[in-house]
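This briefing covers strand pairing and aromatic ring pairs. Please keep the sequence and the structure in view while reading.

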Amino acid sequence: MAAGTLTVFEINERLDDAIEEVAQRLLPATYEAVRQPEAMQRMAKQLVATMDPRALAYQIVGPTGEIAMRSENAPETPFPVPRQAGFHDTPQYRVYAQPAAADGYFIEVAEPRAHRAESLWRATALTVGPLLLFLPLLWFLIRWAVLRSMRSLDQLRSEISRRDGSNLSQISDMGLSTELAPIQAAVNRLLERLERALATERQFAANSAHELRTPIAAVLAQMQLLSAQLAGTPHAERSARIVVQIKGLSSLAEKLLQLSRSGAGVGMLRERVDVMTVVQILVDEFRRHEDVGDRLVVTAEGPEEFIVQGELDIIGITLRNLIENAVRYGAPDEPIELVVGHDRQIRLLNGGAIIPSEILDTLKNPFVRGCSVGAGGGLGLAIVDSVMKQIGGSLTLISPVMGRGGGFEARLVFPEPV
């Protein structure tokens, strides 16, 4: 648009200069046109021997409006413009008028508007046309250059997106440009500070939980001995409650250790583990509990082997926490179903009331429980979710169970082994 406007302005200016120059050259002919009008008319035909309507035309107009001299392509009547110096516009002409050498005479040079319009159109087409033709090419070139320059930024973004609480490793040198290199350095410094902070936090939790295990075990042993001695006395019930609370404290310390291990990335160890073996060991263990027994039902829909990549102990902790969660919070008079699917899924279903969706979304957070029933600390599902994310799987919580009026389902999806 700017190129076209500038071209139109320049062409108009050049054409006006040409009209004015012709008028200046006709100035000396004014005397002869007054003294010898017939001879000058013949000379005029030789000077402008054309009838082309697009060529410049001129008239020398006398004081009373008579035409003393004109070009062959000029009209026989004076141009309809005022008798004053300067440029004037008519529907057909662009006219320049100036006083002649003889008093009372005016020289008027006119350019047909059709000629000017044609000249402007050609000049604009020659200026803007190539730009319009090259615009698509320019667009592709600019897009290619921008995408090429953004490729490094996309790689950096991809590397940053891979970092999380279990992977805070430094981003290796990617050969970035001088503009992006400081960003990578700043991200690496941030990752280093986060790794130190998280390591300190995890170490504190692990050390605290580990140091608590021995005194808690000692207190539990002493309290169990005291409870046995108080059997049959009025203090027996209170001592039994204290034993239960100490066991809950011991369980909480154990869960804190498990959470610390899962947060430290232990689940990233890539061993080939047969989940069916782990399931069988856990089922045998839980069925020996008085509050479980035959309530724990196992259904294997898939092949005999269910191979996943992870760490054996961590996979066992994951499944144990799921079963403990079902035993602790599920309806005590309904079965606990453990379904090993053929699509690399393990589903644990238990009875109970419907858990509202707004609570269901928070159960993966540490220290969150769906209800006040049970002695759990709200860490089991947080541990399971942390481990599943590390090994590339997922934990999905559903309530009610599909096709039932209530209940709770925890669904584990394991990735294919590499």
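The notes below start with the basis of the values, then turn to strands and rings.

The model is predicted, so local features need pLDDT of at least 70 and side-chain atom pairs count only at pLDDT 80 or more, while totals for chains, interfaces and linings use all residues. Residues are numbered from 1 along each chain as its sequence is written, and side-chain values use heavy atoms, with hydrogens and water left out.

- Strand β9 spans residues 336–340; strands are DSSP runs of E with at least two residues, numbered from the N terminus.
- Of the 5 residues in β9, 4 are buried, where buried means under 20% relative accessible area, exposed means over 50%, and partly exposed lies in between (1.4 Å probe, protein chains only).
- Strand β7 (residues 296–300) runs parallel to β9 and is joined to it by 5 bridges; two strands pair if DSSP finds at least two bridges between them.
- In β9, Glu337 stands opposite Val297.
- Strand β10 (residues 345–350) pairs with β9 in the antiparallel sense, over 5 bridges.
- Leu349 in β10 is the bridge partner of Glu337, and Ile346 in β10 is the bridge partner of Val340.
- A hairpin is formed by β9 and β10, with 4 residues between them. Arg344 lies in the turn and has a positive phi of about 60 degrees.

**Strand β10 and β12**

- β10 is mostly covered, with 5 of its 6 residues buried.
- Strand β12 (residues 408–413) runs antiparallel to β10, and 6 bridges join the two.
- Arg411 in β12 stands opposite Arg347.

**Aromatic pairs**

- Across the whole structure, a search finds 4 aromatic pairs. Rings of Phe, Tyr and Trp (its six-membered ring) pair if their centres lie within 6.5 Å; planes under 30 degrees apart count as stacked, over 60 as edge-to-face and the rest as tilted.
- One of the pairs is Phe87 and Tyr96: the ring centres are 4.8 Å apart and the planes are at 50 degrees, so the pair is tilted.
- Phe87 is partly exposed at a relative accessible area of 29%, whereas Tyr96 is buried at 9%.
- Trp139 and Phe140 have ring centres 4.9 Å apart and planes at 80 degrees, so this pair is edge-to-face.
- Trp139 has a relative accessible area of 49% and is therefore partly exposed; Phe140, with 54%, is exposed.
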